[in-house]
Amino acid sequence: MTAIPTSASTGGIGLTLRDVRRAFLGGVVAVDGISLDVAPGEFVAILGPSGCGKSTLLRAIAGLDRPTSGLLQLLDPNAKEKGDGGRALAYVFQDAHLLPWRNVLRNVAMPLELMGVAANERADAARNALEQVGLGDAMRRYPAQLSGGMRMRVSLARAMVTRPRLLLLDEPFAALDELTRQRLDEMLRGLWDRAGMTVLFVTHSIAEAAFLADRAVVMTRRPGRVVIDHRLTLGRERSGATRTSEVYVREMRVLYEALERGDRGEPA
Amino acid sequence: MSIAAWVKRLLPPVTPLVVVFAAMEVAVRMGWVKEFLVPTPTSVFHALFTDGAGSREMWEALLRTAEGSFAGFALSAVLGLIVAVVLTSAGWVQRAFYPYAVFFQTVPIIAIAPLLVIWLGFDLRTVVASAFIVSVFPVIANTLAGLLSVDPALRDLFRLYGAGRVATLFKLKLPSALPSILTGLRIAAGLAVIGAIVGEFITGGGLGGLIGVARREQRVDKVFAILLLSALLGVVMFSLINLAGRLSLRHWHASESAS
Ligand SMILES: Nc1ncnc2c1ncn2[C@@H]1O[C@H](COP(=O)(O)OP(=O)(O)OP(=O)(O)O)[C@@H](O)[C@H]1O
Ligand SMILES: [Mg+2]
């Protein structure tokens, strides 16, 4: 039995990508020479048109897929042992992807169960994670009994339950209505603020990227390359007021113009 | 459920039955149809319930056939599941062996049943084997389809958290495949009854054996009575699996509890 890695809550994992390229059989080049450095604890948004290789990139970082060439390194300042990588990572998909035969609590505890954490310990951790996403009173319900927004929060809790140091999210709130999405964005930002993990957040939405991230990477259309790597000047505190501030609007314009350029296929 | 609800539910399927029975009864009594071709429902009822030793023989035969069908079905369920799991263990295994699993679907059981008797003898084993052969393929095919259509995102998640093959099988693949498995079992249940009866044609005994006897004696009332009993057996097995399915899938769909 492994204990929940308590060191996990301290700091995030850094990331180095050098000329990462992924070509699929049949010749589609999804990602073409991406270089990127992410510092531990950074919140980075990745923006780009559909099909530009964002998911491919994220999957490669998660170790679910291998780049055809290039260097991809996770830098873990707190790593005590090697091969610890699996449990330090968490991944959130566009849809919740819960197990319909498990109730909310057991869905959230699932990662710990697979890692061999003892039953009472993982139940505690799952309860804690669910409270963080405001679902403390829905633990006995089944996914079919939840709304889309609640399911997504369960999915987020499932990702947070291992106290990941690198959280990868692939358009997690894209299927939700605007208000729900804004609320979840604020919640995610709060989670990050408290836990201090590194976050890579893939999105189509300029508004979401500008609101959430400290840094936004905009990609060209396929084959994906980086148009701009932009540091946002919005400060650490984000709230409803952020969305109406002048800086926010200005940052959105910067991202919008970069997306336009990327869509014409012009890299930086 | 209230009595009114039950009535509402049973009325549609029962009405055609009553109409057909009444028509049969009238047609035979009026002499429009010869009694040795179509029995009156009352004579079928007589054969089933009030024919003394004859009736008892029939219900005992039902139990025998039930035994053979259940055993054959259980064998199909267990072996079919195991075969499907083994087939998904590697791509080459599936390519190598699945074509032979398909073989079971195409076996003309009438033709092969006499062979089974030579191999296994004139007893229950032949009946069970016959029920197994005709019912195993739907279990294999449906389980396989279920195991292969697991949500790729969930597979990724299990990989990410370092789940082994066994954990992935029991915590992800088999539960995901449950609806497909139940579909396979539902089909297999009906086929197992047919397989058992065909086996009994050759071995004698059970409903199949009794049908042979009744046919030779030109007792259409008995033949119909036996048909009713085999239908009853099929319905019971089907309902049991439906019940099991309803219970095990009750959390999957929000509407399930309402229907
Ligand atoms: N397994 C695969 N085999 C072949 N081609 C693939 C595979 N996965 C992705 N692709 C192709 O690579 C390209 C990039 O796909 P990817 O899913 O990374 O895009 P994306 O930026 O995430 O798009 P979206 O915003 O629509 O999710 C697409 O053209 C896609 O068709
Ligand atoms: Mg994608």
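## Domains of chain A

Domain bounds are taken from an automatic or database domain assignment, which for chain A gives domain 1 (10–88 + 167–263) and domain 2 (99–163). In this predicted model, the centres of the two domains, taken over C-alpha atoms, are separated by 24 Å.

Between domain 1 and domain 2 of chain A about 1000 Å² is buried, 81% of it on carbon and sulfur atoms, where buried area is the accessible area (1.4 Å probe) that two parts lose on being put together, summed over both. No salt bridges are counted between these domains, a salt bridge being a side-chain nitrogen of Lys or Arg within 4 Å of a carboxyl oxygen of Asp or Glu.

## Chain A against chain B

Chain A and chain B bury about 2000 Å² between them, with 68% of that area on carbon and sulfur atoms. Of the area that chain A buries against chain B, A:L64, A:W101 and A:L114 supply 32%, more than any other three residues. In terms of contact (heavy atoms within 4.5 Å), 25 residues of chain A meet 19 residues of chain B.

Two salt bridges are found across this interface, and the side chains of A:E113 and B:K171 meet in a salt bridge at 2.6 Å, N to O.

## Basis of the values

Residues are numbered from 1 along each chain as its sequence is written, and chains are lettered from A and ligands numbered from 1 in the order in which they are written. Local features need pLDDT of at least 70 and side-chain atom pairs count only at pLDDT 80 or more, whereas totals for chains, interfaces and linings use all residues, and side-chain values use heavy atoms, with hydrogens and water left out.
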